[in-house]
Amino acid sequence: PLSLQVQPPDPASIRVLRGHQLPVTCLVISPDDKFIFSASKDGTIIKCKWDVESGKRLCVVPGGKKGTEEQNMGHASHVLCMAISSDGKYLATGDRNKLIMIWDAATCKRLHIFTGHHDAVSGLSFRKGTHQLYSASHDRCVKVWDVAENAYVETLFGHQDVITGLDSLSRECCVTAGGRDGTVRLWKIPEESQLVFCGHQGSIDCIQLINEEHMVSGADDGSVALWGLTKKKPLALARQAHGPSDTQGLQEPYWISAVAALRNSDLLATGSHSASVKLWKCGEGFRKLEPLWDIPLVGFVNSLKFSATGDFLVAGVGQEHRLGRWWRIKEAKNSICIIPLRRKATAPSKTPTAPGPLVPESL
């Protein structure tokens, strides 16, 4: 298992990229791990492209005023989600103003605008190996698009509340988190059918596929759930995964605002506003969630992504949650944090090569 090779990240090695004035809401890493694309609540800088190695900002797409999207090259409202195609060709961004924009990832030029959702676009994912795009919205539906053809394909209905997140892999299906309707759904596109999963108590705010058979989701009741696509209930559930927060004397669990999985491995990451990102190991056939380490990070962790190789983890951090202004963490920096993940030397030896044994630090 990969999780056993990963060493506790060194907080001093975290690189912080500054450039967004307001909280970072979403980010993606290019398939070759060379670039990061990010977006924020900031109307002036909608979308940035960063060079991972140098940390330099390569291109900035300015925003505009609402209603000027056609003339302007950027969004005119908060960007809530983004996705990149597995060949690195297309980037898609979705905003509060119901719009999806398609970009040439290499040049940052806008190619197309998709309209059709009736509320904020909250989730985007390209089906792996294709230019088929899935989008989810606060209008409770999932739409399917063909980006290469600039075409709308179909709409899928079923959620009873706003959809908060979406993910897909190679199969012709996608998974969604249904906010307060308390369900996670697997949509089988060709069959036009859906499977419904229940297990969280609160609003399910984020979701990611681990592999074609398993997924992870996080909710505002503080829980993180591991799911197998053949079982309707979670295979494992960590309650108060980031612990309780003491707000005005009330013990409220820290909301889980981001989840990430290193694809086809047993390594997961979760984000909240608890001043740390947590790394987890999926144990025993995805039936256990075991905490590995805490990585100190102040602010709302609004987005988390592992690089394809698993060499680093990227966090999009803000002073506010990506969807609202309920609280503000003043000492947080609106930034992108690149967290290097070091591996143990795999050579078997009697003397430990890594500093300290690989056991969870005090949780």
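**Close-up views of a predicted model**

At 36% relative accessibility, V60 counts as partly exposed; the class lies between buried (under 20% relative accessible area) and exposed (over 50%), with a 1.4 Å probe and protein chains only. This is a predicted model: local features need pLDDT of at least 70, side-chain atom pairs count only at pLDDT 80 or more, and totals for chains, interfaces and linings use all residues. Residues are numbered from 1 along each chain as its sequence is written, and side-chain values use heavy atoms, with hydrogens and water left out.

**View 1. V60 in strand β5.** V60 sits in strand β5. Strands are DSSP runs of E, at least two residues, numbered from the N terminus. R140 is 80 residues from V60 along the chain, and their C-alpha atoms are separated by 31 Å.

**View 2. The disulfide of C59 and C108.** The whole structure has one disulfide, defined as a pair of cysteine sulfur atoms within 2.5 Å. C59 and C108 form this bond, with an S to S distance of 2.1 Å. The pair links distant parts of the chain, 49 residues apart. C59 belongs to strand β5 (residues 57-62), while C108 lies in the loop between β8 (100-104) and β9 (110-114). The disulfide is left-handed because the torsion about the S-S bond of C59 and C108 is about -90 degrees. C59 is buried at a relative accessible area of 17%. C108 is also buried, at 9%.

View 3. C173 is buried, with 13% relative accessibility. For C337, the closest cysteine sulfur is in C48, 14 Å away and too far for a bond. C337 has a relative accessible area of 3% and is buried.

**View 4. The largest nonpolar core.** A nonpolar core is a set of buried Ala, Val, Leu, Ile, Met, Phe, Trp, Tyr and Cys residues joined through side-chain atoms within 4.5 Å. The largest one has 23 residues; A269, V277, L279, L297, L304, F306 and L313 touch the most other members. Two or more residues come from each of β24 (258-261), β25 (267-271), β26 (276-283), β27 (288-296), β28 (300-306), β29 (312-318) and β30 (335-340). Another core, of 17 residues, lies apart from it, with V224, L226, A236 and W280 among them.

**View 5. Contacts of L297.** Contact means heavy atoms within 4.5 Å. Not counting residues up to four places away in sequence, L297 touches A275, S276, V277, A315, V317, C337 and I339.

**View 6. The largest pocket.** Rolling a probe the size of a water molecule over the atoms shows where empty space is left. On a 1 Å grid over the protein atoms alone, a pocket is an open set of points with protein on both sides within 12 Å along at least five of seven lines; a cavity is a set where a 1.4 Å probe fits but cannot get out; lining residues have an atom within 4 Å of a point. The largest pocket holds about 1000 Å³ of space. Its lining has 46 residues, with V28, D167, Q208, R263 and K305 nearest the centre. The strands β2 (24-29), β6 (79-84), β10 (121-126), β14 (165-168), β18 (204-209), β24 and β28 each give at least two lining residues.

**View 7. The largest cavity.** The structure holds one cavity of 30 Å³ or more. About 40 Å³ of space lies in the largest cavity. S168, L169, C173, V175, L186, L209, N211, E212 and L229 line it.

Terms used:
Helix = DSSP H or I, 4+ residues; strand = E, 2+ residues; numbered from the N terminus. Points joined across faces, edges and corners; volume = space filled by probe spheres on them.
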